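Have the sequence and the 3D view open as you read.

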Amino acid sequence: MRTRVTDMFGIELPIFAFSHCRDVVAAVSRAGGMGVLGALAYTPEELEVELAWIDEHVGGRPYGVDVVMPASYAGSDLGLDSPADLLARLQGMITPEHRAFVEDLLAKHNVPELTGADPGKVLLGWTDATARPQVEVALRHPIALLANALGPPPADVVELAHAKGVKVAALASTPRHAIKQVEVGVDVIVAQGTEAGGHTGEISTMVLIPQVVDAVDVPVLAAGGIGGGRQMAAGMALGADGVWTGSIWLTVEEADTPEMARKRILEATSRDTVRSRSWTGKPARLLKNEWTDAWESADSPGTLPMPLQYMLVSPALRRIGNSDAAELATFPAGQIIGAMNQVKPARQVVFEMVEEYIEAMERLDRITAD
């Protein structure tokens, strides 16, 4: 297969795989696509370890890193460059009402306290101050792509990546967002429909892709509900140069998805997700359950803006993960989970997607043949 993105990155297949698991990233890149590691949950020191491992196991193939540098968030106007100082100020912005709501919800489901020392990571890379150290680490490695998951990346970060010979991608949920990102120098637009897991907009993939393709003159990757070759063929038919995938890698053999979560994904239907602000404060598609329901109930104080919401709920999510309260365990997942019912090696998922893509294109050729 040859498109603008295969030429741009020297890859065999225009399949990009976002994952927080380094094993998945390396496996997809070795299979001919491009794995992209989500850096959000890693400290700079941890990210260094993960990328060094990928460097050793990717077989010289290109890979990317995805960071979160939102254009707007609570505390962005404080002018604090120190993550520690920013964290301290932001903690004071979380109301007692919100803290009480979370504690009451956990108590209703008999979720125990954490045992032992577990400081956790309540801020992560949700801010400029915490994401920039991740960018610095990423650019010390031979990455081919730096992606920003929320809005246009800062112009100076784009320039820094370009100076290192690294292409920059950014996710867009509207044509207007895509235009803004191209204006700051982004090389690739990931047009992500509402079907996608994680942060996502309101426009469906089928509608969004051609609008974004018509709005910008850079390569576009189709994202949102892409899990097989037929969806890939549809995205390419709409004008995309490749596909950006995420949820389908949650259940592959290489994924480090907790077993309880993997089981729920395999059993879920495409109706079992919901766009909710209960995870980060911005709309994100999550697995629907009693956690997401509680934040929409009459008793809810409402969600806080990013990054305050995740700072509030992060300790609770760790407590839930260490408990038997499966009814509260939520995580980002797209509507494609309704088609995910087997555990397979990542390499097999890539090859099956390509085979199904070829079958879809051959079927279209037969329709138009004389």
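What follows goes from the whole chain down to its strands, helices and a few single residues.

## Ground rules

This is a predicted model, so to speak of a local feature we need pLDDT of at least 70, and side-chain atom pairs count only at pLDDT 80 or more, while totals for chains, interfaces and linings use all residues. Numbering starts from 1 along each chain as its sequence is written, and side-chain values use heavy atoms, with hydrogens and water left out.

## The whole chain

The chain holds 14 helices and eleven strands. Both kinds are DSSP runs numbered from the N terminus: helices are H or I with at least four residues, strands are E with at least two. Along the principal axes, the C-alpha atoms fill a box of roughly 70 × 45 × 40 Å. A compact globule of 370 residues would have a radius of gyration near 21 Å, and the 20 Å of this chain agrees with that. That radius is taken over C-alpha atoms, and the globule rule is 2.2 Å times the number of residues to the power 0.38.

How much of the chain is buried? Of the 370 residues, 53% are. Buried means under 20% relative accessible area, exposed means over 50%, and partly exposed is in between (1.4 Å probe, protein chains only).

Start with β9 (residues 242–245), a strand covered on both faces. Gly 242 and Trp 244 are buried on one side, and Val 243 and Thr 245 on the other. Strands count as paired if DSSP finds at least two bridges between them. β9 runs parallel to β8 (residues 220–223), with three bridges between them; here Leu 221 has Gly 242 as its bridge partner.

β9 is also joined to β1 (residues 15–19), again parallel and by three bridges. Phe 16 is the bridge partner of Trp 244, and Ile 15 stands opposite Val 243. Four of the five residues of β1 are buried. β1 also runs parallel to β2 (residues 34–38), joined by four bridges, with Ala 17 partnered by Gly 35.

## A three-strand open sheet

Elsewhere, look for an open sheet of three strands in the order β7-β11-β10, paired antiparallel. Its edge strands are β7 (198–199) and β10 (273–276), each pairing on one side only. Two bridges join β7 to β11 (residues 284–287), and Gly 198 sits opposite Arg 285.

Which residues of α6 are buried? They are Ala 129, Thr 130, Ala 131, Gln 134, Val 135, Val 137 and Ala 138.

## Two residues up close

Ala 170 belongs to strand β5 (residues 167–172) and counts as buried because its relative accessibility is 0%. Gly 151 is 19 residues away in sequence, yet its C-alpha is 6.8 Å from that of Ala 170. Not counting residues up to four places away in sequence, Ala 170 touches several others, including Asn 148, Gly 151, Pro 153 and Val 188.

Val 182, in helix α8 (residues 175–183), is partly exposed because its relative accessibility is 24%. Leaving aside neighbours within four places in sequence, Val 182 contacts Ile 189, Val 216, Asp 217 and Val 218. Lys 344 is 162 residues from Val 182 in sequence and 37 Å from it in space, C-alpha to C-alpha.

Most residues other than glycine have a negative phi, and most peptide bonds are trans. Asn 110 is not a glycine, but it has a positive phi of about 55 degrees. Asn 110 lies in the loop between α5 (96–108) and α6 (128–138), and is exposed at 69% relative accessibility.

The peptide bond from Met 306 to Pro 307 is cis, with omega near 5 degrees. To find Pro 307, look in the loop between α12 (290–295) and α13 (308–321).

Terms used:
Contact = heavy atoms within 4.5 Å.
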